[in-house]
Amino acid sequence: MSKSVLVVGEVSADGVNKATLECISEAKRAGADSIEVVLFGNGAKEQAGSAGKAGAGTVHYVEEDSYSLARRVATVAGAAEGKKLVLMSATTHGKEVAGVLAARLKAAMGCECIEVKFGDDGQPRVLRPKFAGKVRARVKLNGDVTVATLRPNAVAVEFDGADASVNDLALAGEADGVTLTDSSAKAASGDEVDLSEASVVVSGGRGLKGPENFHLIDELAKPLGAAVGASRMVVDAGWKEHRYQVGQTGRVVTPDLYVAVGISGAIQHLVGMQNSGCIVAINNDPGAPIFKVADYGIVEDLFEAAPKLAEKLKN
Ligand SMILES: Cc1cc2nc3c(=O)[nH]c(=O)nc-3n(C[C@H](O)[C@H](O)[C@H](O)COP(=O)(O)OP(=O)(O)OC[C@H]3O[C@@H](n4cnc5c(N)ncnc54)[C@H](O)[C@@H]3O)c2cc1C
């Protein structure tokens, strides 16, 4: 019974993304008998071989002139033939591809998993947190082919493999009968640090009073090389796009350092960041729930504290 896994991965300037390496390592721990990777992004060709160190046997790199979700999905669907599980990280890109791919393949799908294992019957079982992390469900994915996304930073990367064999995979044409609008597929641009990959995150909340004050968050993030995040109130108010949202209905992050500025710490926000290594909170209300999970609390007006801290960090 085949326990073959196809990982859908991406590269950035630093090499194969950590989130992709996590998927490859998890596929290995899951008991996969073969692991192939379809790798997208600038530099995929040059970086492809290095994915073998995390356990990939074959890496198919894909060269593209421009980003097209429909063409990526069609390419992955072709490579998924004969595979039991298609696994990718629950990044913005992974979530997009997984949803469309599962619909196209009519495959069972597990979202935001924190563990993957093959059962004795050859079908994958995934572990998924539910109800804001209060319970974990072990879900069996039935069918010839299945799809799952793995929560970023939830599993370890293990390097014990050799270089993978590398193959040039042609980008497929548009998927027949499928029309997609990439309106929400905007990737982090320029020097923006990706929220899921970041080791430091600085997030702003409603305490900032308005979008015109969000520069205080950017100024704290810059010297720390941090990604910027936001609470849902900020996103609902239209100050930042949804891709910045941390929490139950946004991104789950586990950086080494999380700085919450003007965020109250509602449970739906906490589930998205409470497993961070060190949490620092700035809030002028000493009773704010964020202080219950914070390692360091600054009870002060953020309009005073944030610029002072940014200045110190800059120096
Ligand atoms: C189904 C569901 C899903 C949700 N999903 C999410 C989610 O994914 N992410 C998320 O964040 N929320 C989510 N929420 C919303 C959540 O319940 C809270 O409403 C939200 O997190 C509050 O955002 P906030 O902390 O920015 O705003 P507020 O709760 O209004 O807090 C603002 C904080 O700023 C402080 N403050 C004000 N002025 C200053 C100042 N000058 N200096 C310092 N501090 C100041 C205040 O003391 C306060 O603690 C969800 C809610 C529901 C029902």
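The following questions and answers concern a predicted model.

Visitor: In what order do the three strands of the open sheet stand, and which of them are at the edges?
Guide: The three strands pair in the antiparallel sense, in the order β7-β8-β9. β7 (115–118) and β9 (135–140) each have a single partner strand, so one side of each is left without a neighbour in the sheet. The strands at the edges are therefore β7 and β9.

Visitor: Which residue in β9 is the bridge partner of K130?
Guide: Strand β8 covers residues 124–130 and pairs with β9 over six bridges, in the antiparallel sense. In β9, the bridge partner of K130 is V135.

Visitor: Is K83 buried or exposed?
Guide: K83 lies in the loop between α3 (69–79) and β5 (85–89). Leaving aside residues up to four places away in sequence, K83 touches S4, L6, E36, D144 and V145. A residue counts as buried under 20% relative accessible area. The relative accessible area of K83 is 10%, so K83 is buried.

Visitor: What span should helix α1 have, at 1.5 Å a residue?
Guide: Helix α1 has 12 residues, 18–29. The expected span is 1.5 Å times one less than the number of residues.

Conventions
Residues numbered from 1 in each chain as written. Predicted model: local features only at pLDDT ≥ 70, side-chain atom pairs only at ≥ 80, totals over all residues. Heavy atoms only, no water. Pairing = 2+ DSSP bridges. Helix = DSSP H or I, 4+ residues; strand = E, 2+ residues; numbered from the N terminus. Buried < 20%, exposed > 50% of the residue type's maximum accessible area, 1.4 Å probe, protein only. Contact = heavy atoms within 4.5 Å.
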